[in-house]
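Please work through the exercises below with the sequence and the model side by side, trying each task before reading its solution.

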Amino acid sequence: MSSDVTRAPASAGLRVAVAGGGLGGLCLAQGLRRAGIEVRVFERSAGRPQGYRLHIDTRAGQALEACLPPGLFELVLATAGQPGHAFSVLSRRLRVRHRTQGDPAAFSTSVDRGTLREILSRGLDDAISYDSEVTGFEAGADGVTVRLADGGTFRADVLVGADGVHSAVRRALVPSAPVEDTGTRVIYGKTPLDDAVRAHLPPALRDGFVAIVGGHVGLATGLVEFRQPPAEFGLRPAADYLMWGLSARLDRFPPLDGLGPAGLHAVARRKTRFWHRDVRALLGAATTDETFLVRVRSSVRIPAWLPSRVTLLGDAIHAMSPAGGSGANIALMDAANLTAALSGAGPEVVPAIAAYERSLRDYGFAAVEAARRRG
Ligand SMILES: Cc1cc2nc3c(=O)[nH]c(=O)nc-3n(C[C@H](O)[C@H](O)[C@H](O)COP(=O)(O)OP(=O)(O)OC[C@H]3O[C@@H](n4cnc5c(N)ncnc54)[C@H](O)[C@@H]3O)c2cc1C
């Protein structure tokens, strides 16, 4: 698909360009399309999104229901994980130190990131340009010209930077907005749940999200047991798994830079070699080449910037530690709020964007601070 579009935006309706086809950008695209607004998503990557567990709650549930066509929302629910019932803290010998019962009435479930992203992109084939990186923009009173890495341009009424923690749109729009390295590193891995592995699952791990504390390192675990297999709905096959993440301050790990999946997996095993044998067995049975490293980064609250035809959502403006379990929830919430703002805007989009950004700064940065405390 050529990225050069010379046609001016249709005066009858808005045309919105979205940088980034991650969770927030795709949810926004679904919502805008449902509201009858023309949308084009530019996604830098061409490949498959990584599949790992995300916990979503009422905030994401309401946003997805508002933005997705009913059939796709039902698909999210059908392919979600079995709900957990509690949050437990265990010692490295797997003694229960603390257990909090979940609220059975609240919407709280796990989803596989790859499956969710596949559902969010359903029906948008003609609206997503893959392998298409946004490098900058020129915004004026009448519209925005989006610049792409292939030299092409795209003219729109509004540009939304949904391009994640290293957002090119944020760097150009609010260059003063810092993203800090918190100094925490997390080695994530996936262990497929076959019968042998299930035999090593202590009761607390079957019961919900678990944090195992062991001196200077911590291990978080969560199951994804699909209510119905994604393949039954024509989605990419995905099997049940245990996701785990071993976290510590940078100086508590050996040098991690440059380590591939096998090297990271070996570090995780070494760091837990004196832990309960079930933990060792669960990490030992992981799919080594799906091990990856996250350098935990966090945004910092900034004062209001001048509203314009360019705005931001999700990690692009409020990146936060995964410890809060909120980043995706809030990105989806942003998408629903921005859909509502733009669909009620009429020709005056900037006041609508200003109102969206006012509330975004409140709840978004509050979530960043909560995640920092929890991390
Ligand atoms: C291991 C892990 C576990 C997590 N667990 C949870 C959880 O349980 N619950 C929760 O709520 N959150 C969780 N999070 C956080 C959550 O994943 C993020 O907050 C969420 O993905 C943010 O969505 P987003 O759309 O803003 O950004 P992303 O999902 O990061 O999407 C950004 C997209 O933009 C694309 N892109 C980047 N630059 C450009 C460019 N210049 N041009 C075009 N495209 C570009 C990227 O390829 C990407 O597809 C977790 C994060 C990690 C890493």
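The model is predicted, so local features need pLDDT of at least 70, side-chain atom pairs count only at pLDDT 80 or more, and totals for chains, interfaces and linings use all residues. Residues are numbered from 1 along each chain as its sequence is written.

**Exercise 1.** Determine the strand order of the open sheet of 5 strands, and find what packs on the sheet.

*Solution.* Begin with the order, which reads β7-β2-β1-β11-β17 with parallel pairing; strands are DSSP runs of E with at least two residues, helices are runs of H or I with at least four, both numbered from the N terminus, and two strands pair if DSSP finds at least two bridges between them. Next, the edges are β7 (128–129) and β17 (310–312), each of which pairs on one side only. Then take β1 (residues 15–19) and β2 (residues 38–42), which run parallel and are joined by 5 bridges, with Ala17 standing opposite Arg40 in β2. Finally, helix α1 (residues 23–34) packs on the sheet and touches β1, β2 and β11 (158–161), where contact requires C-beta atoms, placed from the backbone, within 7 Å.

**Exercise 2.** Which element gives the largest share of the shell around the ligand?

*Solution.* First list the elements that give two or more residues, namely α1, β3 (53–57), α10 (315–318) and α11 (327–343). Among these, α11 provides the largest share, with 4 residues.

Technical notes
Contact = placed C-beta atoms within 7 Å. Axes fitted to C-alpha atoms, helices over the stretch in contact; angles between N-to-C directions.
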